[in-house]
Every structure is written in structure tokens, then in C-alpha cells.
Amino acid sequence: MRSGPVRGSGSVHDDLLERRGDYPVLATTTYLANHTLGAMHRRTPERLAEYAALWAERGVVAWETWAPEVERVADLVGSLIGAPAGTTVMRQNVADLLGDLAVSLDWSGPRNRVVTSALEWPGSLHTWSQIGRLGGEAVVVPGEPDGVSFDVQRMVDAIDERTLLVECSHVLFRTSTIVDLAPVVEKAHLVGALVVVDGYQAAGTLDVDVVALGADVYLGGSVKYLSGGPGNGWMHVTADVVDRLEPVSAGWFGQLAPFAFDPEIAYAPGIRRFAGGTPGVPSAYAAEPAYQALADIGMTRVRERSTSLTQPLLEAALERGWTVRSPHDPARRAGHVTIDPGDSQRVHDGLIARGTLVDHRPGVGIRVSPHFYNSLDESLGVLDTMAEVLAER
Ligand SMILES: Cc1ncc(COP(=O)(O)O)c(C=O)c1O
């Protein structure tokens, strides 16, 4: 942890700094890249060793422990977004889940459109760009020229009786803008379309309540604020909708009776039909400690802490006359602040060279994302380091 006085308006829940020792990378870097790769929990290697010991010592009998553990971890990550137990499944990543979701629907009828936005995660846009192969048509609503605001009304207007599915991020990955999803969900349901929300940039930093949100599907992965590492995509589908979906990558874990080895497909009821083939057991073991830490803290406190670190950061960046490409209102912004001090790529490289870990997105700027374990001093200190690099020219 950086020494020296804490500057700016006070941050809340400073008791969370006691958890810094649980995240080894904080000892050697100023870690502000939680929107792209959350810090590893110190218990992750222990849990991976536990997974390996089961395999080494018990062989095939390890499945008796592995299989229920994967389901428990799925429910644990589900609990962080407010999902009821038994409604969340884990798979490799969002691309895998979204692809399987797309083919689980019938695009051959007159209701064959997906409505999405140009500001979506590119991987998702790539999936939708191929929907014509299934008979579908993609309607991509353009983003606003400022790259920050999202005109929800444009998306609402694009939804009609031809819409089969609407896919939209809860939080935009470039700018951290929180999208007001309520009108989208309302219109989609009014015309009989399904709503799929990409919650990757929301989970682990916002206090998400999927039930209150009312979307049919809420999916994401774990490499960001959830600190769960790669291989831990997850998807919640409401009980009302899930049994209407027929995934193609059903796999044997998605079957009603996997050990019957029946060549005829018979989907498991509920979310397990999306389980696919053999699950990624080590990934789930690796993710569990960080998920558990967030569950222990509670997402309300995590969100309050995040805002108390990002708002002073944003205000101090504006005071320096720098461009901030994230909403200024904390209620409309999630976990990171996108700052463009000018010459962003060079400034980014200078920060990395000095052990301040952030990232850079072309055309928008440097993304900075303090998590609950960062201090206010670290959050504000990044601006001094940016100024230092700028002065070097
Ligand atoms: C909003 C959003 N969706 C999806 C992804 C990643 O998708 P995948 O799990 O397919 O790598 C990211 C970032 O990596 C993201 O920011």
C-alpha cells in the first residue's frame, strides 16, 4: 500500500483495506486494472492444489467432490448478481454462452431479429453478425458520437414484433456507462421478445439484482471485478424462460440423465440444460475464494466503496483539465473512469513501466478502476503519475 496522507474527500469502508493481504499483486504494484483482470485471491493456489490432490489421490472418485463443487460455485457467483440458487450455469466464456444461446432459438420465422447496439462488446457483435446463417437479421443501433451516452430510446424504438431477442450491456466496456435497461426490458416484453443482458462490466462492482432487472438472461465472465480468473463464464436464465430454450452444444452434462448415455437428446430441466460437456473444474476451484470474499463483504458495500474512490478520481482529473469519457454522475457510472490526459497511449505505457497497472482503449483513453481493496491515495496518485509521464515529452 502506498504510504503518505490520504487526499480528497473521504472514502467509505476503509476497513476493507485490511483485506489487501489477500491479493498478492497489491504488494508489488499499484493495481487499478480491475475492469480487465481483477487481482488473484491468495487462496486460489490452495484451492487449485486441493483440486489437483483429489485427482492425484482419488482418481475418478474425485468427481464425487468436483461435480457438486462446480454447481456450488455457480450458485455462489449467481448470488453476487442476486440470482436465485439453481438458475446460474458456468461455461468457458461469454462467446461460448452467447453462441449456444443464439442457436437455442428458432430464427426461421417472421420474428427473426436481434436488436443490439454498436457499443456492445465486439465479441458479441461478431456473434450477431453471423445470425443470418440461422435465418436471423441483426439490427445494430448506433452509439452516440460522444462515445459515452447511450440513447436507450433508440434501442426501444428499434424493438418491434419482428424482434426475437434484444442483447444489451448493463455497463458499456469503454466508458463504464450504466445503461438504463428498464425501458428496454419493458418494450421487449411488451412485444414478446427475450432480453439478454451482458453483465460482465457490472458483476463484482455494482449491486446487481437480476430479479428486479427483469431480463430473461444475464451473463458474463469472471476475469474482471469478480477476480475469478479465466474460464469462468456464467449465465443466469429465469425459470420462466429456460425450459423453452434448446441449446445445440447440449453435451452430456446438459442431459436429463447424463449417465444413461442415451443417444436421444433429453434436456435437463432448468439451467443445467446449458451445462454443455465436461465442466471446467479447475477454473471453478480457482474462482471460489474471490467470489466468497465479495459475498462476505456484500455487494452494497463494494459498490459504495467503488464510488467513493472513483468520484474523487474523476473530479481531480477534470480539475487538471483532462477529458473524462465516463459519465460524471456516479449513479450513471460503474467501476472504472476513462481518462484522456492527451497522448494516452504513451501515458499508459509510462504508467505500466512505473508499476501502475491500468489499460488503454484506442479513441477513448486510459481506464482506471479502483476496487474495494484500493486506497484513495492509490486512486488519486495515478493522476500524479500520468502528469509525470506527460511532462517527460
Ligand atoms: C462487456 C464485456 N462482454 C464480454 C467480454 C468478454 O467476453 P468473453 O468472455 O467471450 O471473452 C468483455 C471483456 O472481456 C466485456 O467487457
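Which residues are around the ligand? They are N93, V94, A95, W121, F173, D198, Y200, Q201 and K224. Keep in mind as you look around that this is a predicted model. The notes below start at the ligand, then move on to the aromatic rings, a surface patch and one serine.

**Around the ligand**
- D198 has a polar side-chain atom sitting 2.7 Å from a nitrogen atom of the ligand.
- Taken on its own, the ligand has 400 Å² of accessible area, and the protein covers 84% of that.

**Aromatic rings**
- You'll find 16 aromatic pairs in this structure.
- Take Y218 and W234: their ring centres are 6.2 Å apart and their planes meet at 15 degrees, so this pair counts as stacked. The cut-off for stacked is planes under 30 degrees apart.
- Y218 belongs to strand β7 (residues 217-220) and W234 to strand β8 (residues 233-237), so the pair ties together parts that are 16 residues apart in sequence.
- Buried or exposed, what are Y218 and W234? Both are buried.
- There's also an aromatic cluster, made up of Y51, W55, W63, W66, W252, F253, F259, F261 and Y285.

- Where does F261 lie? Look in the loop between α8 (239-242) and α9 (281-297).
- F261 has 59% relative accessibility, so it counts as exposed; the cut-off for that label is over 50%.

**A serine in a strand**
- S117 has its place in strand β3 (residues 113-117).
- Why does S117 count as buried? Its relative accessibility is 1%, and buried means under 20%.
- The side chain of S117 reaches the backbone nitrogen of L119, at a distance of 2.9 Å.

Technical notes
Residues numbered from 1 in each chain as written. Predicted model: local features only at pLDDT ≥ 70, side-chain atom pairs only at ≥ 80, totals over all residues. Heavy atoms only, no water. Helix = DSSP H or I, 4+ residues; strand = E, 2+ residues; numbered from the N terminus. Buried < 20%, exposed > 50% of the residue type's maximum accessible area, 1.4 Å probe, protein only. Near = heavy atom within 4 Å. Polar contact = N/O pair within 3.5 Å; in protein donor to acceptor, adjacent residues only side chain to side chain. Areas by Shrake-Rupley, 256 points an atom, 1.4 Å probe, with all protein chains shown as cover. Phe/Tyr/Trp six-rings, centres within 6.5 Å; stacked < 30°, edge-to-face > 60°.
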